[in-house]
Amino acid sequence: MFIVWFFWLVKKQGIKAGLSSSGYQEVMVLVKGGYTPDVIVVERGKPVRLNFIRTESAACSEMVLFPDFNKSAKLPEGETVPIELLPDKAGEYEFQCQMGMLRGKLIVE
Ligand SMILES: [Cu+2]
């Protein structure tokens, strides 16, 4: 019940990244037919680490791209792949698979 409600919340307004002991705003992103969560809210000026974990073999999701940050990474199935960014400007930045079929959004406040 809690899980259902939690994911509903995530879908509605995005999830706020937690601050880890290393000073990173960190979120785990599940890659399976899409990104969960697909809207991530972070604070400007603090380093961000998004840990992508892909649990499917569909070719569609094998890369993740952050065009605004000039970053991309391969996501081998079952491996956690960290993407580190330093968002210095507030705004909304999309991330996507290499074909643009799966999409997510990083909101910098
Ligand atoms: Cu794709």
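Predicted model: local features only at pLDDT ≥ 70, side-chain atom pairs only at ≥ 80, totals over all residues.
Let me begin with one detail, which is that the charged end of R49 sits over the ring of Y24, at 3.8 Å from the ring centre; a charge is counted as sitting over a ring if NZ of Lys or CZ of Arg is within 6 Å of the ring centre and within 35 degrees of the ring normal.

Residues are numbered from 1 along each chain as its sequence is written, and side-chain values use heavy atoms, with hydrogens and water left out.

As for the overall picture, the protein has one helix and eleven strands, where helices (H or I, at least four residues) and strands (E, at least two) are DSSP runs numbered from the N terminus, and along the sequence the pattern reads α-β-β-β-β-β-β-β-β-β-β-β. Of its 109 residues, 40% count as buried, with buried meaning under 20% relative accessible area, exposed over 50% and partly exposed in between, for a 1.4 Å probe and protein chains only. Among contacts with a separation of 6 or more, 55% come from residues 24 or more positions apart, a contact being heavy atoms within 4.5 Å.

Now to the copper ion, whose protein donors are C60 (O), C60 (SG) and C97 (SG), at 2.1 to 2.7 Å from it. Donors here are N, O and S atoms within 2.8 Å of the metal (3.2 Å for Na, K and Ca), and water is not among the atoms, so sites may look incomplete. The two residues come from distant parts of the chain, 37 residues apart, with C60 in the loop between β6 (48-54) and β7 (63-66) and C97 in the loop between β10 (91-96) and β11 (103-108). Both C60 and C97 are buried.

Turning to charged pairs, how many salt bridges does the structure hold? There are seven, each defined as a side-chain nitrogen of Lys or Arg within 4 Å of a carboxyl oxygen of Asp or Glu. One of them joins K16 to E109, with the closest N and O atoms 4.0 Å apart; because K16 lies in strand β1 (residues 15-16) and E109 in the segment after β11, this pair ties together parts that are 93 residues apart in sequence. E109 itself is exposed, at 53% relative accessibility. Another bridge runs between the side chains of E43 and K46, at 2.9 Å from N to O, and here E43 is partly exposed with a relative accessible area of 31%, as is K46 with 31%.

K105 is partly exposed at 26% relative accessibility, whereas E92 is exposed, with a relative accessible area of 52%.

The side chain of Q25 reaches the backbone oxygen of K46 at 3.0 Å. Leaving aside residues up to four places away in sequence, Q25 touches A17, G18, L19, V42, E43, K46, P47, V48 and R49, so that list includes both E43 and R49.

Finally, the aromatic residues: the whole structure contains six aromatic pairs, where rings of Phe, Tyr and Trp (its six-membered ring) pair if their centres lie within 6.5 Å, with planes under 30 degrees apart counted as stacked, over 60 as edge-to-face and the rest as tilted. Y35 and F52 form an edge-to-face pair, 6.0 Å centre to centre with 85° between the planes, and they lie 17 residues apart, Y35 in strand β4 (residues 35-36) and F52 in strand β6. Y35 is buried at 5% relative accessibility, and F52 is buried with a relative accessible area of 0%. The rings of F52 and F95 have centres 5.8 Å apart and planes at 80°, so this pair is edge-to-face, and it links strand β6 with strand β10, 43 residues apart. F95 is buried, as is F52. Ring pairs join Y35, F52, F66 and F95 into a cluster.

Methods. Polar contact = N/O pair within 3.5 Å; in protein donor to acceptor, adjacent residues only side chain to side chain.
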